[in-house]
Amino acid sequence: MNATAAPIRRQIHPPPVPPSPFPYNPGSMLSVQDLNLEAVGYLLSRATELEGMDPLVRDRILLKRRIALLFYESSTRTRTSFELAAKALGADTTLVSSLSSSIEKGESLKDTGLTLRALGAEAIILRHNSSGAPWLLEQCTHLPVLNAGDGMHEHPTQALLDLRTILQRLRHGADQVDAGTLAGVTITIVGDILHSRVARSNMLLLPRLGAEVLVCGPTQLLPEVTATMGPGIRIERDFDAALRRSQVVMMLRIQAERLAGLQLDLEEYKADYQLTGQRLASLAPEAVVMHPGPIIRGLEVTAGVADGPQSAILDQVSNGVAIRMAVVERALLAQEGRV
Ligand code: NCD
């Protein structure tokens with residue numbers, strides 16, 4: 001009989017994950033609701049620090065850590081800025097998109113997530129066409145999951161980069177925020193509110209800093225009662241009246257891919273809700289013009305407004321990289337108790 005001890009069994013597979021409350025992982029960002037104002041302030045100031053850091057120092061922060069981008073919907077700004085942000089911190093990134101992966105063959109979100117985890121992914125950035133998908137992915141993998149837009153639900157990093165843009169334009173780039181930071185500021189969100197995760201995350205965040213949020217659009221795209229209506233938010237269907245009161249006007253694309261047969265008269269829509277140079281000059285000559293992109297020029301905004309001096313649209317894009325550096329860093333370091 002062999003007297004030697006039983007061979008040491010190497011654990012090859014990660015242990016099974018038990019069910020848990022949300023967010024399970026302290027590095028996850030599933031909703032802007034996960035963040036209190038202190039956390040919002042931390043991410044804003046960390047974004048500024050990381051942006052100003054020597055790139056050769058910065059890229060040691062997450063050197064060789066593995067981050068997966070899992071995209072079930074197309075994206076230009078969000079995907080690229082998350083990827084550049086992770087790379088700026090030294091991480092290795094890999095992109096899995098639904099059109100070029102086994103998702104096309106019918107693999108589930110759970111199996112895709114577990115596969116990424118087995119491949120060594122330490123965090124997953126997810127864009128999905130179903131509302132709530134990031135919660136499911138977190139439950140299945142227990143990795144930090146960053147919501148890069150889930151269906152018609154939320155887009156928390158977009159709300160943070162929008163906030164950074166607003167603070168740069170109206171508050172000289174203040175990073176510390178409290179319940180009065182945007183007191184006296186009226187922000188109008190215009191267009192397809194019903195289908196917009198950008199609108200929803202902004203509606204959940206901006207009033208917490210004291211902003212008044214007006215939502216403006218036709219009843220098909222902005223029903224009388226929407227689940228996100230809360231304190232600090234009002235419907236104003238008259239775009240011109242809303243513009244007169246606004247320091248910030250956030251234009252939205254009509255989400256054609258989510259309209260599900262809804263018919264809209266585009267000429268009527270443009271007459272009522274298009275932001276033209278004339279409207280802007282006469283009603284809100286000082287207002288900051290924002291748009292999360294992609295812009296459909298000639299529909300929700302004219303080319304002159306998109307390219308004009310009041311437009312902060314490209315600042316929003318640049319701010320995406322800074323904010324996402326802070327969010328990606330937090331994703332990996334929060335579970336180690338380092339942020
Ligand atoms: C938006 C999105 O995907 O939710 N864009 C973005 O992420 N910057 C808005 C849109 O698609 O209209």
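**Exercise 1. Is Thr165 buried or exposed, and what is its relative accessible area?**

Solution. The model is predicted: local features need pLDDT of at least 70, side-chain atom pairs count only at pLDDT 80 or more, and totals for chains, interfaces and linings use all residues. Residues are numbered from 1 along each chain as its sequence is written, and side-chain values use heavy atoms, without hydrogens and water.

- Step 1. Thr165 belongs to helix 6 (residues 156-170). Helices (H or I, at least four residues) and strands (E, at least two) are DSSP runs, numbered from the N terminus.
- Step 2. Read the area. Thr165 has a relative accessible area of 1%, so Thr165 is buried. Buried means under 20%, exposed over 50%, partly exposed in between (1.4 Å probe, protein chains only).
- Step 3. List the contacts (heavy atoms within 4.5 Å). Beyond four places in sequence, Thr165 touches Met290, Ala312, Asp315, Gln316 and Asn319.
- Step 4. Check the side chain. It lies 2.7 Å from the backbone oxygen of Leu161.

**Exercise 2. Which residues does Pro156 contact, leaving aside neighbours within four places in sequence?**

Solution. 

- Step 1. Pro156 also lies in helix 6. Its relative accessibility is 0%, so Pro156 counts as buried.
- Step 2. The partners of Pro156 are Met29, Leu30, Ser31, Val32, Asn147 and Ser201.

**Exercise 3. Work out the strand order of the open sheet and find its edges.**

Solution. 

- Step 1. The sheet has 4 strands in the order 2-1-3-4, with parallel pairing. Two strands pair if DSSP finds at least two bridges between them.
- Step 2. Strand 2 (92-97) and strand 4 (145-150) each have a single partner strand, so one side of each lacks a neighbour in the sheet.
- Step 3. From one strand to the next, the twist averages 15 degrees. Axes are lines fitted to C-alpha atoms, for helices over the stretch in contact; angles run from 0 to 180 degrees between N-to-C directions.
- Step 4. Strand 3 (residues 123-128) pairs with strand 4 over 4 bridges. Leu126 has Asn147 in strand 4 as its bridge partner.
- Step 5. Helix 5 (residues 133-141) packs on the sheet and touches strand 1 (66-71), strand 3 and strand 4. Its direction makes about 155 degrees with that of strand 4.

**Exercise 4. Which side chains have an N or O atom at 3.0 Å and at 2.7 Å from a ligand oxygen?**

Solution. 

- Step 1. Arg127 gives the 3.0 Å pair.
- Step 2. Arg197 gives the 2.7 Å pair.

Notes. Polar contact = N/O pair within 3.5 Å; in protein donor to acceptor, adjacent residues only side chain to side chain.
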